[in-house]
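The following exercises are to be worked with the sequence and the structure at hand. Each task is followed by a solution in steps.

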Amino acid sequence: MSESDGMDDVVDGGLRQSLMVASRIAETLARKRQEAQRQQEHADSQAAHEAAARLAAERSAAHAALVPVEKEQWWDKAQPSDIATAHAVAEAWKGHDPIALAASERIRQEVFARYGIDTRDVGTDTAYLESGINTVAAEKARLAAPENAVAAQGQDDHKTQLRNAIEWTAEVEPRFYGEWSNRHSFTDSLEDQRSLERELIQYWQTASAPVVGQGTDGFDHPQSKADHETDLGRATEWAQEHDPKYYADWKLRNDFADSVADGRNDEKRLIEHWQATTGAQLASQSADVEHEKAMQLLAAARAEELRAQAAKLAPEMERHQVPVEYLANPALAQALQQAHNAKTPKALEAADAAVKERMFLIGKDGINGLDIEQLRKETTESVNGAGEEHFKDPAFVDAAKNLHEAKLLAEGGFKGDKWSTQEQRYERAEKELFARIEDIGREIENRVTGNGSSRLKDQGLKAETSSQPSYGSAEHQQKFAESLAGTGANETQIRGRLAAARSEGTHPSAAVTTGKATKARKTRGGAAAGAERSKNGLSR
């Protein structure tokens, strides 16, 4: 019995020891897992921070490129390439940035007014836009001075041909070029000079023109066999690596060519395919390089402009402790300029208050402010009826931005000024927001019911007639659903929007005509309203 009890003690001791070892191992593994998780979270946080910094820098560069678009004098002097670059930047950022969205609309209006081109039809094809502007501008210049234009074109052609002729003869026929240059230098009159230039151009055109037909060796002259073999080797290497299917088809066809001439033609086709494809790639790379250079030049010009502005506004910036990079915020730069121009104590006080507001907002949202996605999330959560289509409207996005800023300033304790309290700013922005919702909703409804702008006269929107489906009826809901499907919304979005419309039960125009009833939350009257304002800073 005692032996059995001793054995139990040994077993129990072994189990306890094993459990202790296992618990230590588990504790060690848990610490390692926690450390690995912390490291991963830190790496993710660092990567997110770096990505955010890169995005902010890219937005700042985009803003720098789009700043001139708002200046009338820029449009009077802008070259087609400048307009195309600004258009490319605006199109790339308009779905993310309010400033780019507004610039895109300004570009569309200016280009249509000046050149008759609608940038919505162009899309992101900046080369097509630049070519179109060039064509229209050249045609306008020709119509304005047809005789001068023709003469100038003739002179340009002559100069271009002469330059090409000189380059070719100097390299290929140096002896002939030397003799011609001596005669050209000692001509007695301008007419003799032009005659010699035409002679050189004619010689270059005749001597450099290829001979039609092939030689007995199957090669086009003046191309040599060595040149052909070099090009064929490069084309073969390229096709094997980048277009193996085309190369396999070509190889099979070339191996079983019926004649030497057919084989040479196949080789020429491979060379032409290589040249055409790589030429397109090089053109694309060249366009990217040119665009990057243009962006760098614009960014450099913007940086120089900010430095000059900082030197001018130095006293105001020092007084408010404004870093130079903050001048990239247009609203802050304007407020500082107002402080610089202030002539009276009251004007200076108002300008300083505006500067403080802008500094507070930059501290909350950054130099570039909220992007459109952030505005969309905030607005759709608090405003009933705000949908995806509204954030393609620059005026709506601007109203949403003003509403967001008014809310932040009220929460930050800013009271506004004697001309407009913070609550009045909020209500004005809110009213504009609902007005834009009504306008866009009315446009959709007009497309659904077939009622065009003829219904909108000076007196405004007329009452619905008895022959039209009443607002909120089943027929109206069906037509509204069909219109939403045409906008590209998915089924879930359509169902949600229809549910919202059914819950509203009134025409969207009531959103601004009934005052306080348009708000997302009910308001209280009398003392209750005053208590809510004092508590939240703004009425709801």
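**Exercise 1. A nonpolar surface patch**

Which residues make the nonpolar surface patch of about 260 Å²?

Solution. The structure is a predicted model, and the solutions below are to be read accordingly.
- Step 1. The patch is made by Val 21, Ile 25 and Leu 29.
- Step 2. Val 21 is part of helix 1, which covers residues 2–66.
- Step 3. A patch residue must have over 30% relative accessible area. Val 21 is at 40% relative accessibility and therefore counts as partly exposed.

**Exercise 2. The chain as a whole**

Describe the secondary structure, burial, contacts and accessible surface of the chain.

Solution. 
- Step 1. The secondary structure comes to 22 helices and 2 strands.
- Step 2. Of the 540 residues in the chain, 30% are buried.
- Step 3. Among contacts with a separation of 6 or more, 60% are accounted for by residues 24 or more positions apart.
- Step 4. The chain exposes about 33800 Å², and carbon and sulfur atoms supply 53% of this area.

**Exercise 3. The surroundings of a histidine**

Is His 87 buried or exposed, and which residues does His 87 touch, not counting residues up to four places away in sequence?

Solution. 
- Step 1. His 87 is located in helix 3, residues 80–93.
- Step 2. The limit for a buried residue is under 20% relative accessible area. His 87 has a relative accessible area of 2%, so His 87 is buried.
- Step 3. With residues up to four places away in sequence left out, His 87 touches Ile 107, Thr 119, Val 122, Gly 123, Thr 126 and Leu 129.

**Exercise 4. The largest pocket**

What is the volume of the largest pocket, and which residues lie nearest its centre?

Solution. 
- Step 1. The volume of the largest pocket is about 1100 Å³.
- Step 2. Its lining consists of 46 residues, and those nearest the centre are Ala 331, Arg 358, Leu 361, Asn 402 and Glu 405.
- Step 3. Two or more lining residues are given by each of helix 4 (98–115), helix 14 (330–341), helix 15 (345–365), helix 17 (394–411) and helix 18 (422–449).
- Step 4. Helix 15 provides the largest share of the lining, 10 residues.

**Exercise 5. Salt bridges within and between helices**

How many salt bridges are there by count?

Solution. 
- Step 1. The count comes to 25 salt bridges. The cut-off is a side-chain nitrogen of Lys or Arg within 4 Å of a carboxyl oxygen of Asp or Glu.
- Step 2. Arg 108 and Glu 105 form a salt bridge in which the closest N and O atoms are 2.8 Å apart. Both residues lie in helix 4, 3 residues apart, about one turn of the helix. Arg 108, with a relative accessible area of 18%, is buried, whereas Glu 105, at 25% relative accessibility, counts as partly exposed.
- Step 3. Asp 249 and Lys 245 form a salt bridge with 3.5 Å between the closest N and O atoms. Both are in helix 11 (residues 244–255), 4 residues apart, about one turn of the helix. Asp 249 counts as partly exposed at 40% relative accessibility, and Lys 245 is exposed, with a relative accessible area of 62%.
- Step 4. A salt bridge also joins the side chains of Asp 266 and Arg 253 (3.5 Å, N to O). This pair links distant parts of the chain, with Asp 266 in helix 12 (residues 260–312) and Arg 253 in helix 11, 13 residues apart. Asp 266 counts as buried at 4% relative accessibility, while Arg 253 counts as partly exposed at 38%.
- Step 5. A network of salt bridges links Glu 70, Glu 72, Asp 76, Arg 106, Glu 110 and Arg 114.

**Exercise 6. A positive phi angle**

Where does Gln 321 lie, and is Gln 321 buried or exposed?

Solution. 
- Step 1. Gln 321 has a positive phi of about 55°, although Gln 321 is not a glycine.
- Step 2. Gln 321 lies in the loop between helix 13 (314–320) and helix 14.
- Step 3. The relative accessible area of Gln 321 is 67%, so Gln 321 is exposed.

**Exercise 7. Separation in sequence and in space**

How many residues apart in sequence are Ala 57 and Asn 368?

Solution. 
- Step 1. Ala 57 belongs to helix 1 and, at 48% relative accessibility, counts as partly exposed.
- Step 2. Ala 57 and Asn 368 are 311 residues apart in sequence, and the distance in space is 9.6 Å, C-alpha to C-alpha.

Key: Residues numbered from 1 in each chain as written. Predicted model: local features only at pLDDT ≥ 70, side-chain atom pairs only at ≥ 80, totals over all residues. Heavy atoms only, no water. Patch = residues over 30% accessible without salt bridge, like charges linked within 9 Å, V, L, I, M, F, W, Y side chains within 5 Å. Areas by Shrake-Rupley, 256 points an atom, 1.4 Å probe, with all protein chains shown as cover. Buried < 20%, exposed > 50% of the residue type's maximum accessible area, 1.4 Å probe, protein only. Contact = heavy atoms within 4.5 Å. 1 Å grid on protein atoms, 1.4 Å probe; cavity = no way out; pocket = protein on both sides within 12 Å on 5 of 7 lines; lining within 4 Å. Points joined across faces, edges and corners; volume = space filled by probe spheres on them.
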